[in-house]
Amino acid sequence: MKRPAIARGMWVGLGLLWLAAVGVGFALLTRHSLTPGATHEAPAQWPQAAHPPRAEGRPTLVMLAHPRCPCTRASLGELAVVMEHARGQLDARVLFLRPEGTSGDWTQGPLWRAAAGIPGVRVLADEGGTQARLFGAVTSGHSLLYDAQGRLRFSGGLTVARGHRGDNPGRDAVEALLREAGGSGGTSQHAVYGCALEEPPEVRATNTP
Amino acid sequence: MRLSEDVSGPTVALKERAVLLFREHLGAVRRRTDRLFAGLMLAQWAFGILVALFVAPYGWRGKDGAPHAHVYAALFLGAALTVFPIALARWRPGDAATRHGVALAQMLWSSLLIHLTGGRLETHFHVFVSLAFLSLYRDPWVLLSASCATVADHIIRGFLWPESVYGIVDPEWWRFLEHAFWVGILNMVLLHAGRGMRREMREVAVRRAELELAREREEEKSAALDRALRELSGFQEHLIRVEKLAAVGQLAASVGHELRNPLAAVRNAHAYLSRRLSRDVIGAADDPRVPQFLGVMERELGACAKIISDLLDFARERPPALQPCPLRPLVDEAIGVVPPRDGVRILNEVPESLPVPCLDKEQFRQVLVNLVQNAVEAMPTGRTGQVSVLAEGQDTGPWAIRVIDDGAGIPPDVLPKIFEPLFTTKTRGTGLGLAIVANMVQRHGGTISVRSEAGRGSEFHIHLPATAAAQAA
């Protein structure tokens with residue numbers, strides 16, 4: 001039976017509206033995934049107040065991480081790849097935020113255990129976020145690579161989008177720096193994709209997980 | 001076999017019916033698949049929400065957590081991807097637009113689930129599973145539209161955000177062709193399987209059409225047979241009417257013939273008496289022929305009355321008025337009515353202790369009179385003989401009444417016809433006597449039979465059912 005033209009037109013209109021709505025939804029989702037977190041200027045030299053102190057005679061990578069950020073799971077996965085490729089030439093440590101007023105259980109969750117499972121990685125709690133502030137990190141997954149002389153060579157994330165694993169420029173840069181003989185040159189900076197480590201008003205305004 | 005082609009063998013009606021059945025079946029399959037996808041969409045929606053809640057339940061700002069954007073995406077974008085195809089399946093089931101809408105939504109679900117699982121390679125298999133499910137529509141164009149949606153997604157995302165679809169930052173420009181190749185391979189397999197299924201559906205449709213047409217032909221034959229039976233019944237009724245009219249004519253001729261002789265005798269006697277009385281009324285009293293002719297008139301008019309009475313007995317369909325009727329006195333009455341004949345004895349051998357049956361007295365007396373008179377008349381002239389009436393029966397059993405004579409017997413060629421109306425071997429008689437007997441016995445629910453032997457006599461046997469005795473008791 002032939003359907004009335006009005007009904008058919010209504011369905012065509014609904015279909016177009018549906019396509020538009022779905023398109024907007026996917027666009028918003030993509031924008032969220034590709035929008036990096038906030039970053040601050042990282043110290044050009046290894047901070048003397050940093051704890052624990054950097055490894056002597058070889059590069060040190062520090063990742064400041066939120067213990068419950070789902071995006072950081074991908075960052076840890078990329079760190080595992082870096083550590084595997086580094087073959088013991090890199091001293092890496094992951095500092096998980098432990099905000100004031102929280103217990104150790106709050107911090108030592110699945111991400112803590114995942115990081116601890118990466119060979120060559122030391123996992124520590126960042127009490128009150130003091131280490132993150134020291135390194136200028138405000139977004140989870142922010143990684144900093146200091147060379148053997150304590151100079152900052154890399155600052156940024158090891159993923160290309162929120163929670164998205166796979167090849168990315170940040171990891172490539174770190175691995176390239178590790179392969180580099182002599183360790184001279186500038187600093188590589190990349191965007192960081194993760195949750196906010198703290199809640200300063202300016203960060204809250206720009207970093208939407 | 002392609003139904004749209006002209007092929008020898010199947011008729012045009014068969015092909016048209018088969019095409020109709022095939023389309024109906026295909027439509028039913030597609031509506032069923034619409035319903036399947038409506039359920040699948042709901043399941044995917046629930047699965048997407050669970051994935052979002054499991055993988056990324058919260059986004060964090062320090063120690064403050066809030067639902068992650070993926071949760072909102074699973075809820076609202078998932079709702080959009082679910083509700084529209086369900087609405088299509090609900091309100092436009094079986095439509096081509098519904099199938100293509102479902103296909104597009106399904107492929108977009110693949111994208112969303114891949115996104116919600118952080119681009120896991122395993123989730124990409126959702127694309128292939130979706131294509132397999134979409135092949136249930138048995139519509140190659142649906143697979144094409146779904147594949148085009150997937151390829152377009154790969155091209156667009158490969159250009160804008162290659163890591164989300166290829167997992168690498170800088171893929172080759174032709175990388176989408178590699179993915180499209182595998183999709184194409186799967187499509188070829190699914191198309192091949194779908195074509196086989198459609199071929200089987202066509203064959204089933206042809207077989208169903210053959211069955212339906214055969215059934216319709218049988219129904220037409222049955223209807224024609226019914227019509228023929230009705231016509232035959234009409235002809236039969238007409239034939240019965242014709243036979244009845246013929247019988248009436250024959251009966252009228254027979255009765256007329258039988259009445260003519262006594263009436264002629266009466267007319268002659270009447271003519272003589274008229275002449276005699278007109279000539280000399282007083283002297284007529286002394287004429288000895290006057291009483292002779294008056295006797296002739298009385299006898300012949302009695303014969304006329306008998307013929308008319310027999311005719312009425314045969315023609316009347318009066319149902320028997322059953323009442324308790326002792327049999328032995330009834331046989332005595334019947335014997336008393338039959339004119340005696342020299343040398344012929346009539347014996348009432350009905351036991352006095354016999355239970356009383358339930359009969360129509362008048363009709364059954366007529367039966368006995370006719371049988372006894374027939375037996376008496378069957379005796380050859382100049383020979384002595386005997387007619388016996390016997391009976392036996394019980395309160396709850398059947399009854400038997402027999403009239404036996406030792407006369408000339410009935411010739412075998414005559415025996416089958418003796419109960420037919422108007423059949424007679426006598427020079428005087430209407431041929432209604434035994435027909436009347438048979439009618440009356442039948443009205444009592446009984447049967448009558450005869451056994452005869454040439455030269456040794458005959459035996460008429462009346463068999464009455466048990467109900468007669470039971471009613472009497």
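This is a predicted model: local features need pLDDT of at least 70, side-chain atom pairs count only at pLDDT 80 or more; totals for chains, interfaces and linings use all residues.
Residues are numbered from 1 along each chain as its sequence is written, and chains are lettered from A in the order in which they are written. Local features need pLDDT of at least 70, side-chain atom pairs count only at pLDDT 80 or more, and totals for chains, interfaces and linings use all residues, while side-chain values use heavy atoms, with hydrogens and water left out.

**Stop 1: the interface of chains A and B**

Select both chains and display the residues in contact, meaning those with heavy atoms within 4.5 Å. On the chain A side there are 44 such residues, and on the chain B side 37. The size of an interface is often given as the accessible area lost when the parts come together. Here the buried area is about 3200 Å², with carbon and sulfur atoms giving 68%; buried area is the accessible area (1.4 Å probe) that two parts lose on being put together, summed over both.

Which helix of chain A gives the most to the side that touches chain B? Select helix α1 of chain A, residues 5-34, which gives 14 residues. Helices (H or I, at least four residues) and strands (E, at least two) are DSSP runs, numbered from the N terminus. The chain A side as a whole divides into 21 nonpolar, 13 polar and ten charged residues. In this division Ala, Val, Leu, Ile, Met, Phe, Trp, Tyr, Cys and Pro count as nonpolar, Asp, Glu, Lys and Arg as charged, and the others, Gly among them, as polar.

The count of salt bridges between chain A and chain B is zero. A salt bridge is a side-chain nitrogen of Lys or Arg within 4 Å of a carboxyl oxygen of Asp or Glu.

**Stop 2: the sheet of chain A**

Colour the strands of chain A next. Six strands form an open sheet in the order β3-β2-β1-β4-β5-β6, with mixed pairing; two strands pair if DSSP finds at least two bridges between them. The edges are β3 (121-127) and β6 (188-189) of chain A, each with a single partner strand, so one side of each has no neighbour in the sheet.

Select β1 (residues 60-65) and β2 (residues 91-98) of chain A: they pair in the parallel sense over six bridges. Thr60(A) stands opposite Asp91(A).

Helix α2 (residues 72-86) of chain A lies across β1, β2 and β3, running at about 170 degrees to β1(A). Helix α6 (residues 169-179) of chain A lies across β1, β4, β5 and β6, at about 170 degrees to β5(A). For such angles, axes are lines fitted to C-alpha atoms, for helices over the stretch in contact, and values run from 0 to 180 degrees between N-to-C directions.

Two loops deserve a selection here. Pro52(A) is in the loop between α1 and β1 of chain A, and the peptide bond from His51(A) to Pro52(A) is cis, with omega near 0 degrees. Arg87(A), in the loop between α2 and β2 of chain A, has a positive phi of about 50 degrees although it is not a glycine.

**Stop 3: the sheet of chain B**

Move to chain B, where five strands form an open sheet in the order β4-β6-β7-β9-β8, with mixed pairing. The edge strands are β4 (344-348) and β8 (447-453) of chain B, and the twist averages 10 degrees from one strand to the next.

**Stop 4: distant parts of chain B brought together**

Select Glu333(B) and Lys361(B), which form a salt bridge with the closest N and O atoms 3.7 Å apart. Glu333(B) is in helix α9 and Lys361(B) in helix α10 of chain B, 28 residues apart.

Finish at Pro320(B), in the loop between α8 and β3 of chain B. Its C-alpha atom is separated by 5.2 Å from that of Asp360(B), 40 residues apart along the chain. Leaving aside neighbours within four places in sequence, Pro320(B) is in contact with Asp360(B), Gln363(B), Arg443(B) and His444(B).
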